[in-house]
Amino acid sequence: MSHDHPDHLHGHDCGHDHAHEPRHHAHEQAAARPAWRRVLVAGLLVLAMLATASLVQVRTGEATVVTRFGNPARVLLDPGLAWRWPLPFEATVPVDLRLRTTSSGLQDVGTKDGLRIIVQAYIAWQVEATPESIQRFMRAVQNQPDEAARQIRTLVGSALETSASGFELADLVNVDASKVRIEAFEQRLGEQITRQLRDTYGVKVVQVGIERLTLPKVTLEATVDRMRAERETIATERTAEGKRKAAEIRSAAERDARILEADASVKAADIQAQSQVQAAQIYGKAYAGAPELYNLLRSLDTLDNLVNPGTRLVLRTDAAPFRVLVDGPAAAGRAHE
């Protein structure tokens, strides 16, 4: 009995260990499977985060500069999604490409003829959509549009002084619109700033214009005096021109009148000669047909040539040609015979 008990206990213990061993392995396998799943899910999440961190969106109206350890590596211009290395290897910087307008403010500048004007210009500009220009813009103003606008304003102010020195005041302020050269002034201003903005800031100039131009008091007085003198000169010239044309018209009228008068005199002489010929013919026929009537008519013609409304004559009535008025045509015919 005493020897069998230990064997019994030993057999009992062995049976108990063999019974729990399969359940222990099953528990370890069950615990191992969720661990691998967690690792796999974690890996997928890490990959998704890396993929998300590696994608960059380029918006419309912007460019994106990809920097590698702080230095520009490449420029993305096409809108949409693009790929880059995640931080800290590569980062992205958006650059605004939209159109902007900057005013120079009122600038007191001098003209070619030594007068002062107050002028204000505007410039429409944008960062040129090329990799070189975008990187130049970032180096010049650290991708700060407000700082770029401030420097552009200073540059335009200097260019206004240089441009105005090539024009006289009458080219910019004039009562004669055909003599105003504002467009030429704007063109010269644009030529002075366009190349410098492109080469220094990577900025493209879209439009340059003059939005305001006024005169200080001294220049205004000088301008009024100049305009008054111009008006007086123009008035004098027009008066002289009017007198010259009037003299030409008067001379031409007198010449035409003399020509017409001469022509009329010639025609009148011709008519008078023809009338005299016709009168002589008529008188001849009248004398042949009625000598007494002829003598009467001749006497009346003589009286018509001698007497007018202002003539006073004292003559004998018994002498020709007044005798016919007393004696009548018959007596005049007998006396004539």
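I began with Asn-174, which I located in the loop between H4 and H5. Helices here are DSSP runs of H or I with at least four residues, strands are runs of E with at least two, and both are numbered from the N terminus. I noted that this is a predicted model, in which local features need pLDDT of at least 70 and side-chain atom pairs count only at pLDDT 80 or more, while totals for chains, interfaces and linings use all residues. Residues are numbered from 1 along each chain as its sequence is written, and side-chain values use heavy atoms, with hydrogens and water left out.

**Entry 1**

I looked up the burial of Asn-174 and found a relative accessible area of 17%, so Asn-174 is buried (buried is under 20%, exposed over 50%, partly exposed in between, with a 1.4 Å probe and protein chains only). Leaving aside residues up to four places away in sequence, I listed Lys-179, Val-180, Arg-226 and Met-227 as touching Asn-174; contact means heavy atoms within 4.5 Å. Arg-226 is 52 residues from Asn-174 in sequence, and their C-alpha atoms are 10.0 Å apart.

I then checked the side chain of Asn-174 for polar contacts (N or O pairs within 3.5 Å; within protein, one atom must be able to donate a hydrogen and the other to accept it, and residues adjacent in sequence count only if both atoms are side-chain atoms). A polar atom of this side chain lies 3.2 Å from the backbone oxygen of Ala-170. The side chain of Asn-174 also reaches the backbone nitrogen of Asp-176 at 2.9 Å.

I placed Asp-171 in helix H4, residues 169-172. Asp-171 is buried at 16% relative accessible area. With the exclusion of residues up to four places away in sequence, Asp-171 touches Lys-179, Val-180, Arg-181 and Ile-182.

**Entry 2: H2 against H5**

I recorded an angle of about 85 degrees between H2 (residues 131-141) and H5 (residues 182-201), with the axes 7 Å apart. H2 is therefore roughly perpendicular to H5. On the H2 side I found Ser-133, Arg-136, Phe-137, Ala-140 and Val-141, which meet Arg-198, Asp-199, Thr-200 and Tyr-201 in H5.

**Entry 3: positive phi**

I noted that most residues other than glycine have a negative phi. Gln-142 has a positive phi, near 55 degrees, and Asn-143 has one near 60 degrees. Gln-142 sits in the loop between H2 and helix H3 (145-164), and Asn-143 lies in the loop between H2 and H3. Gln-142 is exposed at 52% relative accessibility, whereas Asn-143 is buried at 17%.

Conventions
Axes fitted to C-alpha atoms, helices over the stretch in contact; angles between N-to-C directions. Parallel < 35°, antiparallel > 145°, perpendicular 65-115°, else oblique.
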